[in-house]
Amino acid sequence: MKINEDFIKELLVFKAQKNPDMNGGPSNILLFKNYLNTMKQWCETLNFDFSYNLMRYKDRNDLIRILFPELRKELLDIDFYRLNLLEGVSINIDHRSFDYLYLYYYIYWNILRAEYPTVFEPYFHLPHPYESAYRLLLKDSVQCFEGYLSVSVDKFYYEVSKDPASVDFSLPSMDDGFMEYIDAQYKLLVPEGRYVTDIFDQEKVNAMWAEYQSLSENS
């Protein structure tokens with residue numbers, strides 16, 4: 001089946017890009033928050049109640065199954081994919097990991113959207129549900145730890161808050177250069193041998209985006 005052949009090809013692309021020696025930076029926590037905010041937008045559109053622990057349930061992350069159950073039947077079995085197709089790539093497949101799920105959903109979402117544009121058309125106005133999770137996976141991972149989804153960077157853990165408003169954060173850009181700029185700015189704030197307790201908020205990130213654009217234009 002062409003859909004699954006395309007999936008294998010895109011999986012190979014991810015394997016070529018994934019760098020097991022790359023360390024995650026604080027930008028990955030912002031990518032994670034952006035993912036949660038994106039899913040909150042989708043939940044609101046689909047009339048789901050968004051709660052602090054909603055995204056820790058794997059089936060609630062599966063928008064293909066929720067929106068297009070008939071298309072879901074055409075896809076490779078997720079356990080077959082997890083156990084047989086991820087050899088040689090540094091990605092978590094254990095019971096606490098969401099990594100393999102995000103990768104699976106991201107690739108198939110792109111393929112199905114291209115294959116069935118009229119089916120996806122009612123949702124074109126919404127952001128790609130898995131883009132920021134995919135970008136995070138290239139450098140880091142997401143774990144379900146003690147009932148909370150979390151991502152860790154340099155011993156700093158970001159967990160889903162019980163307050164849904166805490167995920168009201170949107171990255172102005174996921175440009176790789178901008179992500180590197182965020183990480184560099186964060187390092188300037190960290191005292192040697194210590195860690196700061198907060199990641200940049202929306203206002204600060206928006207200001208940093210303006211700074212980054214200005215620097216890029218003048219370089």
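Ser-27 is buried, with a relative accessible area of 0%; buried means under 20% relative accessible area, exposed over 50%, and partly exposed in between, with a 1.4 Å probe and protein chains only.

Before that, the conditions. This is a predicted model, in which local features need pLDDT of at least 70 and side-chain atom pairs count only at pLDDT 80 or more, while totals for chains, interfaces and linings use all residues. Residues are numbered from 1 along each chain as its sequence is written, and side-chain values use heavy atoms, with hydrogens and water left out.

Back to Ser-27, which lies in helix H2. Helices here are DSSP runs of H or I with at least four residues, strands are runs of E with at least two, and both are numbered from the N terminus. Leaving out residues up to four places away in sequence, Ser-27 touches Lys-139, Met-179, Ile-182 and Asp-183. Contact means heavy atoms within 4.5 Å.

H2 packs with helix H9, residues 176–189, at an angle of about 125 degrees, and the axes are 7 Å apart. Axes are lines fitted to C-alpha atoms, for helices over the stretch in contact, and angles run from 0 to 180 degrees between N-to-C directions. H2 and H9 are therefore oblique to each other; angles under 35 degrees count as roughly parallel, over 145 as roughly antiparallel, 65 to 115 as roughly perpendicular, and the rest as oblique. On the H2 side the contact uses Pro-26, Ser-27, Leu-30 and Leu-31, and on the H9 side Met-179, Ile-182, Asp-183 and Tyr-186. By class, that contact has six nonpolar residues, one polar and one charged. Ala, Val, Leu, Ile, Met, Phe, Trp, Tyr, Cys and Pro count as nonpolar, Asp, Glu, Lys and Arg as charged, and the others, Gly among them, as polar.

The second pair is H1, residues 2–17, with H6, residues 99–115: the angle is about 130 degrees and the axes are 10 Å apart. That makes H1 oblique to H6. Residues of H1 in the contact include Ile-3, Phe-7, Leu-11 and Phe-14, and those of H6 include Leu-103, Ile-107, Ile-111 and Leu-112. The contact of H1 with H6 divides into 10 nonpolar, one polar and four charged residues.

Also in helix H1 is Glu-5, which is partly exposed at a relative accessible area of 49%.

Phe-120 sits in helix H7, residues 117–120, and counts as buried at 1% relative accessibility. Beyond its neighbours within four places in sequence, Phe-120 is in contact with Phe-68, Leu-71, Trp-109, Leu-112 and Arg-113. Phe-68 is 52 residues from Phe-120 in sequence and 9.1 Å away, C-alpha to C-alpha.

One backbone item. Most residues other than glycine have a negative phi. Asn-47 is not a glycine, yet has a positive phi of about 60 degrees. Asn-47 is in the loop between H2 (26–45) and H3 (63–67), and counts as exposed at 68% relative accessibility.

Finally, the totals. The protein has 10 helices and three strands. Of its 219 residues, 47% are buried. Among contacts with a separation of 6 or more, 73% join residues 24 or more positions apart.
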